[in-house]
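Below is a short report on a model. It moves from one residue to the chain and then to the pair of copies.

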Protein chains: 2
Amino acid sequence: MERESVAPGACYFYYPRLVCVVGVRDEARGTVNFAPVAWASPLSSDPPLFGVCLSPATHSHHLVLRTGEFTVSFLDRSQAELAQSLGRLSGRDVDKVAALGLALDLPESLETPSLAAAYVSAECLLRERHHLGDQTLFVGEVQVVHARAGVFDNEGVLRSDVLSPLLYLGSRRYVTVDATTVTQVEVPA
Amino acid sequence: MERESVAPGACYFYYPRLVCVVGVRDEARGTVNFAPVAWASPLSSDPPLFGVCLSPATHSHHLVLRTGEFTVSFLDRSQAELAQSLGRLSGRDVDKVAALGLALDLPESLETPSLAAAYVSAECLLRERHHLGDQTLFVGEVQVVHARAGVFDNEGVLRSDVLSPLLYLGSRRYVTVDATTVTQVEVPA
C-alpha cells in the first residue's frame with residue numbers, strides 16, 4: 001500500500017473498540033465505581049478469562065485490588081454521553097452512581113453490581129494481574145453473563161439489527177456498526 | 001434490564017472486535033505466516049504496548065517464540081474472505097503467502113513484513129508473554145505504525161467515512177461501522 005510511517009502515539013490504529021464499563025465496589029463509601037475502558041479483551045476460552053487495563057493512578061485500580069472482583073457492562077450507541085461522563089468524573093471525588101443517577105443490576109454469582117443500562121454484562125473474579133507499561137492488566141474469570149433478552153441470537157452472536165453497540169473511535173468520538181453489512185463468510189475446505 | 005443469565009461460553013458478549021492479522025516470520029520455510037485474531041488489545045501508552053492472544057497449538061505461537069517479534073495488520077470490510085481463509089489454513093501445512101498470493105509490505109524497524117492489503121499495520125517487538133488459560137498473551141512494544149495515506153485524520157483517528165474497518169461478530173460473521181453515526185461527545189466540566 002501507499003503508506004506513511006507514524007509514531008505509535010500519533011495514530012489510534014487499534015480503534016474502533018467496544019466501550020467496556022468496569023464496575024468495582026467501593027466498600028468504604030458504600031457505592032460502586034464505574035469507569036469506561038476501551039482497552040479490554042477476552043484472553044481465554046477455557047477457563048473464560050476477560051482482561052481490562054486500568055492505570056494505577058485510577059480509583060478503580062485501587063478498588064479492584066481490595067475487592068478482588070469486577071463487572072464489565074456494555075452500552076448501546078445512545079449512551080455515549082454516559083460513557084464520556086463516567087470517564088470524566090473520578091470515583092475518588094464523586095459517587096458516580098448518585099451523581100449520574102445510575103440504576104444497578106444486582107450480581108448473581110459475586111458481589112459487584114453492573115449497570116442496569118447495559119445490554120450485556122459479566123461478573124468477573126480477579127485471577128491475576130500484570131503490570132504492563134503504564135497500565136495494569138486485570139485478568140478476571142467470567143462467572144456468569146447477563147444479557148438483555150433478544151439481543152443475542154441462538155449462536156450467542158450479537159443481533160446488530162436489534163442492538164447498536166457503542167464503540168469508541170478515539171478523541172471523544174463514538175460510532176456504532178452498520179447492521180446491513182453483516183456477512184457470513186464460507187471459504188472452501 | 002430484563003435479562004437472562006447465560007454461561008460465559010454461550011455468549012460472544014465481547015464482539016464486535018477489529019480483525020487483527022498477526023504476521024510472523026517462518027525462517028525455516030522462508031515465508032511469513034499470517035493468522036487473524038480478534039483477541040488483541042492495546043495494553044499501555046508509554047511504552048506503547050500491544051497484546052495479541054495466540055493458542056499454544058498454533059504455528060504462529062511457535063514462530064513468535066523463535067523470532068521475538070510480530071506485525072499486526074488491519075483489514076477493511078472487503079477483505080472478510082481473506083481473513084476467514086487465513087484463519088482456516090494452518091501455516092504448519094501451507095505457505096499462506098504463496099497459497100493466497102499475498103503481497104507484503106517490507107518492515108522498516110524490525111524484520112517481519114506486514115500485509116500490503118492492510119489499511120494500517122504496526123511492527124511489534126516481543127517484550128513479555130503470559131500464559132492465561134488456554135492462550136498465551138504476547139506483549140509487543142510497537143516500534144512504528146504504517147498507515148495508508150488519508151485513512152487517519154490529523155488527530156490520529158480513523159476516518160470511517162474513508163475506510164470501513166473489518167470487525168468480527170462471531171460464528172464466521174463480519175460487520176463494519178456506520179460512518180454516519182460518528183459523534184463527538186462533550187460533557188460539562
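A residue counts as buried if 20 or more other C-beta atoms lie within 10 Å of its own. The model discussed here is predicted.

A:Arg17 has 23 other C-beta atoms within 10 Å, so A:Arg17 is buried. A:Arg17 sits in strand β2 of chain A, which covers residues 17–18. Beyond its neighbours within four places in sequence, A:Arg17 contacts A:Ala38, A:Leu167 and A:Tyr168. A:Leu54 lies 37 residues from A:Arg17 in sequence. Their C-alpha atoms are 16 Å apart in space.

Now the whole chain. Chain A holds 3 helices and 13 strands. Its radius of gyration is 17 Å, close to the 16 Å from the globule rule for 189 residues, so chain A is as compact as a globular protein of that length.

| Property of chain A | Value |
|---|---|
| Span of the C-alpha trace along the principal axes | about 55 × 45 × 35 Å |
| Buried residues | 50% of the 189 residues |
| Contacts joining residues at least 24 apart, among those between residues at least 6 apart in sequence | 60% |

Note on methods:
Residues are numbered from 1 along each chain as its sequence is written. Chains are lettered from A and ligands numbered from 1 in the order in which they are written. This is a predicted model: local features need pLDDT of at least 70, side-chain atom pairs count only at pLDDT 80 or more; totals for chains, interfaces and linings use all residues. Helices (H or I, at least four residues) and strands (E, at least two) are DSSP runs, numbered from the N terminus. A residue is buried if 20 or more other C-beta atoms lie within 10 Å of its own, exposed if 12 or fewer, and partly exposed in between; C-beta atoms are placed from the backbone. Two residues are in contact if their C-beta atoms, placed from the backbone, lie within 7 Å. The radius of gyration is taken over C-alpha atoms; the globule rule is 2.2 Å times the number of residues to the power 0.38.
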